[in-house]
Structures are given as structure tokens and as C-alpha cells.
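Please keep the 3D view open as you read.

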Amino acid sequence: MLTSIAGKSVVVTGASKGIGKGIARVFANSGGKVLVVSRHLNEAETCAEELRRAGGTAKGHAADVTSIGDMQVMADAAATAHGGIDILCANAGIFPQAKIEDLSVEDWDQVMATNLKGTFLSIKSCLPYLKKSGQGRIIITSSITGPVTGFPGWTHYGATKAGQLGFMRTACIELAKYGITVNAVLPGNILTEGLIALGPDYEKSMAASVPLKKLGTVEDIGFAALFFASKEAGYITGQTIIVDGGQILPESLDALAQA
Ligand code: NAP
């Protein structure tokens, strides 16, 4: 049994839906006081309201992770609402697909700004409060795509997800003196609203390439993040957990077929 995170102040970016919402739900159910962040206040607040109805403590906040001004206001808002910041889940990300020949410079820049610069800006802005916490925790949502695997149309996306890990490996050294740990969760294919909208056939075809024969839930990512946030994970920093049902392991289609 892990020591409870009850009463800790948690910021989750990109939390109005998808994986971020799953992380927010897991932390709120565990007694964390959660700031639910997305660019659209009504969607962030709708998620926060759901968490409150389930007995949690949560507040919606509108902010764009590509803006240092927004991130500073976000950090101050979390500290004002919940008495500081103990845990930051830098989760917001976008994944538009375009092969190199069709990929525009603008799309490249937008993915870099959201996924990579957004990770830096959210961490930089929450840092003064994480330092005060004395046992701050930063959990980055990366991906298997980029650090481990590739997928056509995602050169820019994969570069940001691998870049987050490069950032993390120096950040964890710099921030260790403040008692802050920095770790990353690498999801495989996760059953978000966006994927569910593509229909059961698509879900089935995706699940076929996973040894566990199912897609992950958003809570599966939340539980891995919760572990990194726990007191018991306090000596772990600069590390990754792959949460993918074994997806990266089969060395060929035959390896799956013969199992
Ligand atoms: P999603 O369902 O599309 O949700 C994305 C969230 O991020 C939304 O809350 C969105 O809200 C917010 N967001 C987007 N741009 C933002 C910005 N500039 N500033 C603040 N918030 C922003 O995405 P997801 O699939 O859950 O992905 C979440 C993270 O998991 C990403 O980092 C992604 O790379 C990673 N991931 C996902 C999968 C998967 O299978 N889904 C697999 C591996 C990794 P607004 O639009 O209101 O801002």
C-alpha cells in the first residue's frame, strides 16, 4: 500500500479529456486537490465538476501551455486555490499526423510548441512552488512513439516525445537538490474519447497488435503517474515507465501469432 497523496496540490495540464482526465481522476480519487487545466475553461470546469461530484477536490483553469504568461498565472492559481503545488503532471499534447513531404513548417512548430516547449514552460512556472513543497514531483506524459517506436506521419510528434525524455534527464539532475523528482510515463495505445470515436472496428484492429489484446485505459496511465508521485517512489528520478500492454515487445507479427 502506497502512502496516500491526500491533501497534496496537483496540477494536470491537458486534463479536460483523454489521458489527462484519467490522471486527474486517479489523483482526485486519491485525495489530491487537482487543478484541471486546458485551453477551454468550460471543458476544464466540466471535468472538475465531475471530479467534485465524485467526492474529490478540483478546480478548472484555462491556460495554453505554449504561453509562459498563461503558465505563470496557472501556477499562481493552483497555489492560491490549493495552498501550493506538490505535483505537476505535464500531460498536454497534440498529435496531428502528416508525412514529411506534406508536413508544413507551421504544423512542425505547433507540435514543438505544445508538446516540448509546453513541457518546459509548465515545469518552469510551477518550479517556485514545487521547491517550496520540499518533495515536489514532476510527471511527464511522453509516449512509446519517438522514444521507442515510430509511426508514419509522426516525425514531429515522435521528436517531441523523445525530446521530453532528453529534457527530463538533465532536469532531474538540476532539480534533485530541491527534493524534486522528474519521471515520465510512456503510454502505448490508450482508449481516449478520440479513439473511441473511431469505432469498435478500429479499436479491435489496434488491440490485435498488443500482447494483452486490449487497449489501455486512461486510468492505467493515471496509476503509473500516481506511483511516481508517491512517497515510496521518492528515490526514483529521471526514469520512465512504459504502459502499453506489451505492445513494443513482439519482434514480428509472427511472434504475436505464435503466442
Ligand atoms: P486528447 O484526448 O486530445 O486531450 C488533449 C488534452 O490537452 C485536452 O485536454 C486539450 O484540451 C489539452 N490541450 C491541447 N493543447 C493544449 C495547449 N496548448 N494548452 C493546454 N492544453 C492543451 O489527448 P490524449 O490522447 O489524452 O493525449 C494526452 C497526452 O498523452 C499527450 O501528451 C500525448 O502525446 C500522450 N499520449 C497519448 C496516447 C494515446 O493513445 N492517446 C499515447 C501516447 C502518448 P483543450 O483542447 O481544451 O486545450
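Which residue has a polar backbone atom 2.9 Å from a nitrogen atom of the ligand? Keep in mind as you look that this is a predicted model. The residue is Val65, whose polar backbone atom lies 2.9 Å from a ligand nitrogen.

Ile190 uses its backbone, with an N or O atom lying 2.9 Å from an oxygen atom of the ligand. If you widen the view, there are 29 residues around the ligand, and Ser16, Ile19, Arg39, His40 and Tyr157 come nearest.

From here we can turn to the helices. Two packed helices are described by the angle between their axes and the distance between the axes. Start with H1, residues 18-29, and H2, residues 41-53, which pack at an angle of about 30 degrees with their axes 10 Å apart. Angles under 35 degrees count as roughly parallel, and H1 and H2 are therefore roughly parallel to each other. Their crossing is right-handed. On the H1 side, the contact is made by Lys21, Ala24, Arg25 and Ala28, and on the H2 side by Cys47, Glu50 and Leu51. By class, these residues are four nonpolar and three charged, with no polar ones.

Next, move along to H4, residues 105-133, and H5, residues 155-175. Their axes come within 9 Å and cross at roughly 20 degrees, which makes H4 roughly parallel to H5. Here, too, you will find a right-handed crossing. Among the H4 residues in the contact are Trp108, Val111, Met112, Phe120 and Ile123, while H5 brings residues including His156, Tyr157, Ala159, Gly163 and Phe167. The contact of H4 with H5 has eleven nonpolar, seven polar and two charged residues.

H4 has another partner to visit. The axes of H3, residues 68-82, and H4 come within 8 Å and cross at roughly 35 degrees. H3 passes H4 in a right-handed crossing. In H3, look for Ile68, Met71, Gln72, Met74, Ala75, Asp76 and Ala79, which meet Leu121, Ser122, Ser125, Cys126 and Tyr129 in H4. This contact divides into eight nonpolar residues, three polar and one charged.

Conventions: Residues numbered from 1 in each chain as written. Predicted model: local features only at pLDDT ≥ 70, side-chain atom pairs only at ≥ 80, totals over all residues. Heavy atoms only, no water. Axes fitted to C-alpha atoms, helices over the stretch in contact; angles between N-to-C directions. Helix = DSSP H or I, 4+ residues; strand = E, 2+ residues; numbered from the N terminus. Parallel < 35°, antiparallel > 145°, perpendicular 65-115°, else oblique. Left-handed = near helix turned anticlockwise from the far one by under 90°. Contact = heavy atoms within 4.5 Å. Nonpolar A, V, L, I, M, F, W, Y, C, P; charged D, E, K, R; others polar. Near = heavy atom within 4 Å. Polar contact = N/O pair within 3.5 Å; in protein donor to acceptor, adjacent residues only side chain to side chain.
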